[in-house]
Amino acid sequence: MLSLLFGAALLTVVAAQKHTVVEYIGNANFCCYYFHNESVSMFSHQYHTHYPPNTMCQYNIDVTEPPELEDNCDLALCVKNLNLDAGDSIRIHHRDISVEYRGDNTPNYPIRIWDHKVSFWFHSDSYETLPTASWAISYICLERGKPHDVCNICEELNEKAVLPEDETTNWWRIWS
């Protein structure tokens, strides 16, 4: 069964070369998102209630807008409101860093990635669901060669990372 789920997720990712894809197979939810903007906040599906169990989503960041930042900026990722169920996780993988988050210990520091692209995965299972399970991650791509206040970058991004209570379809906000 697990190989079927991973196979379906792989097909979804391959089919989603340039588009957002959300697939439902049985009671499983697979999705793949692509972000090319300089700064974006991403929220778990059904952020204000509880994200769906049995979800596997890939989030691909490849900053190409504005064009002068492509290959000329480094990502700073900030996690806000990390509140995951027992078996759920967020995994960030890059050639230079690998981080996995579980539980509800929201980090208060940015994850610095020395590149303009990275992918991360969100995975949820159907065990021990908490009524308020949700998460939000924001990023900004910092232009190289310019000074940046990296220590306080999460404060600024997390202030903007607010999803309206009535939002039910767009699980992201593009800031620039």
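**Close-up views of a predicted model**

**View 1. Tyr 34 in strand 2.** Tyr 34 has its place in strand 2 (residues 28-35) of this predicted model. With a relative accessibility of 23%, Tyr 34 counts as partly exposed. The C-alpha atoms of Tyr 34 and Ile 61 are 6.0 Å apart in space, although 27 residues apart in sequence.

**View 2. Strand 6 and its partners.** Strand 6 (residues 89-93) pairs with strand 9 (residues 117-124) in the antiparallel sense, over five bridges. Within this pairing, Trp 121 of strand 9 is the bridge partner of Arg 91. Strand 6 also runs antiparallel to strand 7 (residues 98-101), joined by four bridges, and the two form a hairpin with four residues between them.

**View 3. Salt bridge between Asp 74 and Arg 144.** The closest N and O atoms of this pair are 3.0 Å apart. Asp 74 is buried at 6% relative accessible area, whereas Arg 144 is partly exposed at 34%.

**View 4. Salt bridge between Asp 115 and Arg 95.** Here, too, the closest N and O atoms are 3.0 Å apart. Asp 115 belongs to the loop between strand 8 (111-113) and strand 9, and Arg 95 to the loop between strand 6 and strand 7. Asp 115 is buried (9%); Arg 95 is exposed (63%).

**View 5. Salt-bridge network.** Arg 91, Glu 100 and Arg 102 are linked in a network of salt bridges. Glu 100 meets Arg 102 at 3.0 Å, N to O. Glu 100 is partly exposed at 39%, as is Arg 102 at 40%.

Note on methods. Residues are numbered from 1 along each chain as its sequence is written. This is a predicted model: local features need pLDDT of at least 70, side-chain atom pairs count only at pLDDT 80 or more; totals for chains, interfaces and linings use all residues. Side-chain values use heavy atoms; hydrogens and water are left out. Two strands pair if DSSP finds at least two bridges between them. Buried means under 20% relative accessible area, exposed over 50%, partly exposed in between (1.4 Å probe, protein chains only). A salt bridge is a side-chain nitrogen of Lys or Arg within 4 Å of a carboxyl oxygen of Asp or Glu.
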